Structures are given as C-alpha cells and as structure tokens.
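Trainee: I'm new to this one. Can you walk me through it?

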Amino acid sequence: MKEDPLERIAREEAAKSAGGLKTVMIALAAVAVLLAAALIFVWTQKSSLVKELNIEKEELTEQIVALQSDYDSLSSDYDTINSQLDSSREEVSQLVERIKQTDATNRAKMRQYEKELGTLRSIMRNYIVQIDSLNTLNQKLTAEAAAARKDAAASKRANEELKDQVSSLSSQVAAGSVIKARGIMIEAYNSSDKVTDRSGRVVRMLTTLSLIENDLAPTGPVRVYIIVKDPEGNVLTNANSVGFECAGEAHTASASREVDYEGKELTLSIYLNDLADRCVKGVYSVEAYTSQAFLGSAETMLR
C-alpha cells in the first residue's frame, strides 16, 4: 500500500522542525557555558586583585608602623629638635589611623599614603643628620674648651700668651652676655580657655619659654617678641602687633611682652589674641626674639 504523499511531507516537516529545535537548544547551552566560564574568570581575577591590594595595604601599614617606632626611639638633647620631633610623631600617628580606616581598593589614597610615608622618612633622616651634626659640634667645642683651658694654664708663663688669652676670654664673655632661652612651646586655646588642636575653635595662641640663668647678661627690662606664622608662612598679627629689629634686621612681631630680667631663670608667657575664625588646618610655627638675639622656635599642628 502506497504512503499518502501529504502524510510523508508532514512527517518530513516535523522531523526538520525537531532537528532545528535541537540545534537551538545545543547553541543556547553552549552560550550559557561560555557565560558561566566568563563570570568565573572575572570573579577570580577580581578576588585575586583584591587580595593583592590587601597585601599591599598590609605591607604599607607595616612600614608606617615601623617608621612610628623609629620616631618613638629617636631623641636629642636639644629642645627645638625635640619639639619638631613631637610634631612629626603626631603626623605619623595620624597616618597610621588614616590607613587603617581606608579600604585597600582605594588606590588613590594608598598612593597618597606612600608619598606621605616617603616625606616623613626624609624628614626623619634630616633629624638624624641634625642631631649627629650638633653632637659632633658639641664634642668639638668640648674638646676645644679643654684645649683652651690647657693653653690658659700654659699662657701664664709668658706675658704675650696672657694677653692673647685675655683677648680670647673677652670675646667669649661678650658672646656669653647674650640672653638665651629654652623650653619654647606654642599651644592653641578655645573660647573656654582650654587647649585645643581644632583649627575652627582657636581664639588665641599661647607661647611659653624660659630665659635661662646668665650671670654675664645685663639685668633690667627685656622685651621678648614672638612671630607666629600660619601653614603658608604668613605672619599672624592683630592690633597690638609691633615692629622690631634684631641684629640689624627688621621684623614684625605678632605679640611681645616686657619682663624684668635679673640674671636668674625666668619663665614667661605671651598671648596672641583675636584669632577667632582665622586659623586653618596645618602646622603653625613661632619664633622668639629679643632685640639682641634669636631665642628659638617651636611648632604646633591644628587639624
């Protein structure tokens, strides 16, 4: 019995349709596999990158903490350098806290912290050079003083040597008659007259220092001048600011105070008022002078 042509055509069309659907299903499955593989690859790469960034952050943190330890172990016999060291230690401490609070994926911040680390390392090297230089100079001066005493004893045997020694001693007395200071520091105060490190709350700054004992220095009224500079190096002044000269050079004082110096150690304080809404974040410095000499400097940081 012959097959009906229509039935044969219908059967062939059904077979073709089933084959096409099977091809589409295979293609879709292949695409799904490729997409899954791509997602797995992207996720793996991202996880690897995050892991690497976390490792970099840990290494950077360890370097900063190590630098903090180095700063803590560094000290000197000089008040000015010690004051500067305290300021740098505060910067390192703040950097440690900032990196701990920053996500490792924040590449811009990590690069910024690396630059700050490099700057603080350079500053520390400068401190070490200064301390070594001052220690070397002190040793040299000590040796020279010992040699001078030996020469003074020998100079008694000859009148010419005695005259030279007297001339040398006269020069030393002239240099030693200049009033000097120690322990210079500057602090910021708020409207409640409490110490603050917040720039927006500062209304005045207080500079304290001690004029050291000096039997060779002339006694009587002495005016001490301070020059306070903002982070940009601008001198802070108010209505009471005055000009003065030191060693032939003209300056503008932020504030000044006259005291009665009797040759004994004398501690004094000088306020710089009218600073409300004038202070910004950064390092502020103070320089102290008399009309005869520079007394020293100090710094403080406002945040």
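Mentor: One definition to begin. Patches are made of residues with over 30% relative accessible area and no salt bridge, where like charges are joined within 9 Å and nonpolar side chains (Val, Leu, Ile, Met, Phe, Trp, Tyr) within 5 Å. Accessible areas come from the Shrake-Rupley method with a 1.4 Å probe, and for residues only the protein chains shown count as cover. A salt bridge is a side-chain nitrogen of Lys or Arg within 4 Å of a carboxyl oxygen of Asp or Glu.

Trainee: Which residues make the nonpolar surface patch?
Mentor: Leu134, Leu137 and Leu141 make it, and its area is about 240 Å². Leu137 lies in helix 3, residues 107–155. Helices (H or I, at least four residues) and strands (E, at least two) are DSSP runs, numbered from the N terminus.

Trainee: Is Leu137 buried, exposed or partly exposed?
Mentor: Leu137 is partly exposed, at 42% relative accessible area. Buried means under 20%, exposed means over 50%, and partly exposed is in between, with a 1.4 Å probe and protein chains only.

Trainee: Before I go on, what kind of model is this?
Mentor: A predicted model: local features need pLDDT of at least 70, side-chain atom pairs count only at pLDDT 80 or more, and totals for chains, interfaces and linings use all residues. Residues are numbered from 1 along each chain as its sequence is written, and side-chain values use heavy atoms, with hydrogens and water left out.

Trainee: How many helices and strands does the chain have?
Mentor: Four helices and nine strands. Along the sequence the pattern is α-α-α-α-β-β-β-β-β-β-β-β-β. The chain has 303 residues, and 30% of them count as buried.

Trainee: What about helix 2, how far apart are its end C-alpha atoms?
Mentor: They are 32 Å apart. Helix 2 has 22 residues, 79–100, and at 1.5 Å a residue it should span 32 Å, so the two agree. The expected span is 1.5 Å times one less than the number of residues. Buried residues of helix 2 include Ile81, Leu85, Arg89, Val92 and Ile99.

Trainee: New topic. What is the strand order in the open sheet?
Mentor: The order is 6-3-8-9, four strands with antiparallel pairing. Strand 6 (255–261) and strand 9 (294–302) stand at the edges with a single partner strand each, so one side of each has no neighbour in the sheet. The twist averages 20 degrees from one strand to the next. Axes for such angles are lines fitted to C-alpha atoms, for helices over the stretch in contact, and angles run from 0 to 180 degrees between N-to-C directions.

Trainee: How many bridges are there between strand 3 and strand 6?
Mentor: Seven, in the antiparallel sense; strand 3 covers residues 220–229. Two strands pair if DSSP finds at least two bridges between them. Pro221 stands opposite Asp260 in strand 6.

Trainee: And what do strand 4 and strand 5 form?
Mentor: A hairpin, with two residues between them. Ala247 in the turn has a positive phi of about 55 degrees.

Trainee: Last one. How many salt bridges?
Mentor: Eight. One of them joins Glu265 and Arg182 at 2.5 Å, N to O. The two are 83 residues apart: Glu265 is in the loop between strand 6 and strand 7, Arg182 in strand 1. Glu265 is partly exposed at 39%.
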